[in-house]
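Please consider the following structure together with its sequence.

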Amino acid sequence: MLRPMRESEQPLRQLADSVRDAGHIVVLTGAGISAESGLATFRDPQDGLWSAHRPEDLATPEAFARDPQMVWRWYEWRRARLRSVAPNPGHYALAELQQRVPSLTLITQNVDGLHQQAGSRDVIEFHGNITRTVCSNRSCPGQWHAGDQREPPHCPVCDAFLRPDVVWFGESIPVAAMQASLAALAACDVFMSIGTSSVVYPAAGMAQQAAANGAEIVEINPNATPLSSAADIVIPGPSGEVLPAVIKQLDLP
Ligand code: BV8
């Protein structure tokens, strides 16, 4: 005799059933899925040297034009933090889920590369990747030479500043990432929004696009967001606990 399901377990059981029946799942992650790796989320107050700055004010072309050295140092500080963290059970559970369902497209707003480290394949980096450095002249293939200690370093081809390979506010999403995301959203049965405050567009508009195509909308987040009221299944918990529990639920009758 199965014990009666606790109220709190119902959404989890529902999600496991939806995942089991899905032909194509799209997952969108945000900074929250990396929180249990010890990385502050994008809108958590920053600590130390950067506590007086808001990321939204630093992650812009205007900030880089105004003070390239400060913005470069901020990214160097974030890259240093990244070197001391590892994927958490939430990242690994998504990588396992991708192995076990017919089709799963992972779109991440995160720039930390932790999904790839956990084994997820064909990750769509919607906002780029902080560990890659490119020339400010996007068309220039210039790469950073380790010997260049200037802040920011200069492109060895055209001498422009180098910059992190991320999408700043006011910049367009890379065409390939946008096109791959739209194709996945057009064909998915289940859309899972995990660890994002759902306030940054166009990523925050994906759930609506998926719903318009008939997908079931799922949100995993300890806090409510603008998406919560529209989602079909809301699981108010940390992804590092919820996602392994979904995997476990998949194995139960
Ligand atoms: C663009 C890279 C065209 C840099 C980032 C409407 C349509 C189009 C554009 C706009 C629009 N309205 C406004 C805009 C402009 C702007 C925008 O959206 N502004 C917002 C602030 C209103 N969008 C853009 O500029 C985009 N470009 O649209 O191009 C264009 C061109 C010119 C002019 C206009 C339009 C580009 C946006 C990309 C910006 N770059 N990052 C870098 O990292 O340095 S965005 C940044 O925010 C990060 O990538 C981050 O991932 C993303 C979203 O934040 P979240 O991931 O959600 O993180 P956050 O901290 O907010 O929330 C964490 C969540 O986790 C919380 O909900 C928390 O409860 C939860 N959580 C905590 N712990 C856990 C957890 N969840 C689960 N488990 C846990 N344990």
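**An enclosed strand and its surroundings**

Both faces of strand β1 are covered: Ile-25, Val-27 and Thr-29 on one side, and Val-26 and Leu-28 on the other, are all buried. Buried here means under 20% relative accessible area, with exposed over 50% and partly exposed in between, for a 1.4 Å probe and protein chains only. In a regular strand the side chains alternate between the two faces of the sheet. Because 5 of the 5 residues of β1 (residues 25-29) are buried, this strand is largely enclosed by the rest of the structure. The model is a predicted one, in which local features need pLDDT of at least 70 and side-chain atom pairs count only at pLDDT 80 or more, while totals for chains, interfaces and linings use all residues. Residues are numbered from 1 along each chain as its sequence is written, and side-chain values use heavy atoms, with hydrogens and water left out. Helices (H or I, at least four residues) and strands (E, at least two) are DSSP runs, numbered from the N terminus.

Strand β1 runs parallel to β2 (residues 104-108), to which 5 bridges join it; two strands pair if DSSP finds at least two bridges between them. Within β2, Thr-108 is the bridge partner of Thr-29. Strand β6 (residues 190-194) also pairs with β1 in the parallel sense, over 5 bridges, and here Met-192 is the bridge partner of Val-27.

Beyond its neighbours within four places in sequence, Ile-220 is in contact (heavy atoms within 4.5 Å) with residues including Leu-15, Met-192, Ile-235, Val-242 and Leu-243.

Attention now turns to helix α4. This helix (residues 68-82) has 15 residues and reaches 21 Å from its first C-alpha to its last, close to the 21 Å expected at 1.5 Å a residue; the expected span is 1.5 Å times one less than the number of residues. Its buried residues are Pro-68, Val-71, Trp-72, Trp-74, Tyr-75, Arg-78, Arg-79 and Leu-82. They cover an arc of only 155 degrees around the axis, which puts them on the same side of α4; the arc is that of the directions from the helix axis to the C-beta atoms. Their cover includes α2 (55-58), α3 (61-66), β4 and β5.

Thr-133 lies in β4 (residues 128-135) and is buried at 11% relative accessibility. Among its contacts beyond four places in sequence are Trp-72 and Arg-79. Val-166, in β5 (residues 162-166), is buried with a relative accessible area of 5%, and its contacts beyond four places in sequence include Tyr-75.

How many disulfides does a search of the whole structure find? The search finds 0, a disulfide being a pair of cysteine sulfur atoms within 2.5 Å. The sulfur of Cys-140 is 3.5 Å from the closest cysteine sulfur, in Cys-155, which is too far for a bond.
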